[in-house]
Amino acid sequence: KRITFHRDQSYSPEGEFCSNNCQKQHTCTCIFVLGDDRVLEFQLFWGKKKVNHPEAQRMIRLTNGALFFLHPKDEEDCLRQMFQMNNQTHFKHRNNGVKEKGVQLSVGLVFRTCVQTRTVYKGTGQLVLDSEPTETTHRCKRKLNDYEKCWTKNLMDECLKKKYLSTKERHYR
């Protein structure tokens, strides 16, 4: 699946680090690649507009065993003299997966320093909810359990499967 251009650390139009970031400010993002080559694409932006300049776009091929570090300064808004612009710009990146044809497998393991933590149950890895579950949560869990029992026996049609999976995503993600 193609990922759109984005920044791992986001900033306000005034250049302030946004409080809704889950990644800690001024920390690198690291990508470790296993398998077939992947292509990481960078594009310079001024606000929400792409900058049209020969040096404003770069593609980096990440090969098996590659370890890539994304420096946080690349995502910050600042004046970049090489582009001869009097405006603050920032780079965004995206990954288009593997580029070659045929059967391929490529995994990019992404590591970053997060500021948020979640408590999970040691035995199951299941998320510990911050508050008591609501009646809606209980109802969805019962439906999901019923669905999973039926699904293993192939008794439910595709329409019901989609309905229950969407319920699971809304209440259990």
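**Salt bridges and a nonpolar patch in a predicted model**

Mentor: R61 and D37 form a salt bridge in this predicted model, with their closest N and O atoms 3.4 Å apart. The pair links distant parts of the chain, 24 residues apart.

Trainee: Where do R61 and D37 sit?

Mentor: R61 belongs to strand β4, residues 57-62. D37 is in the loop between β1 and β2, the latter spanning 38-46.

Trainee: Is R61 buried, or is it partly exposed, and why?

Mentor: R61 counts as partly exposed because its relative accessibility is 43%.

Trainee: How many salt bridges does a search of the whole structure find?

Mentor: The search finds 5. One of them joins D77 to R7, where the closest N and O atoms are 3.7 Å apart.

Trainee: Are D77 and R7 buried or exposed?

Mentor: Both D77 and R7 are buried.

Trainee: What about E55 and R58?

Mentor: Their side chains meet in a salt bridge with an N to O distance of 2.3 Å. E55 counts as partly exposed because its relative accessibility is 31%. R58 falls in the partly exposed class because its value is 42%.

Trainee: Why can such side chains pair in general?

Mentor: Side chains of opposite charge can pair when their charged atoms come close.

Trainee: Changing topic, which residues make the nonpolar surface patch?

Mentor: L34, L105, V107, L109 and F111 make the patch, and its area is about 450 Å².

Trainee: Which strand gives the most to the patch?

Mentor: Strand β8, residues 106-112, gives the most, with 3 residues. V107 has its place in this strand. V107 is partly exposed, because its relative accessible area is 34%.

Trainee: And where does V115 lie?

Mentor: V115 lies in the loop between β8 and α1, the helix of residues 135-152. V115 is partly exposed, because its relative accessible area is 48%.

Trainee: Which residues is V115 in contact with, leaving aside its neighbours within four places in sequence?

Mentor: The contacts of V115 are N21, C22, Q23 and K24. As for N21, it is 94 residues away from V115 in sequence, yet their C-alpha atoms are 8.2 Å apart in space.

Terms used
Residues numbered from 1 in each chain as written. Predicted model: local features only at pLDDT ≥ 70, side-chain atom pairs only at ≥ 80, totals over all residues. Heavy atoms only, no water. Patch = residues over 30% accessible without salt bridge, like charges linked within 9 Å, V, L, I, M, F, W, Y side chains within 5 Å. Areas by Shrake-Rupley, 256 points an atom, 1.4 Å probe, with all protein chains shown as cover. Salt bridge = Lys/Arg side-chain N within 4 Å of Asp/Glu carboxyl O. Helix = DSSP H or I, 4+ residues; strand = E, 2+ residues; numbered from the N terminus. Buried < 20%, exposed > 50% of the residue type's maximum accessible area, 1.4 Å probe, protein only. Contact = heavy atoms within 4.5 Å.
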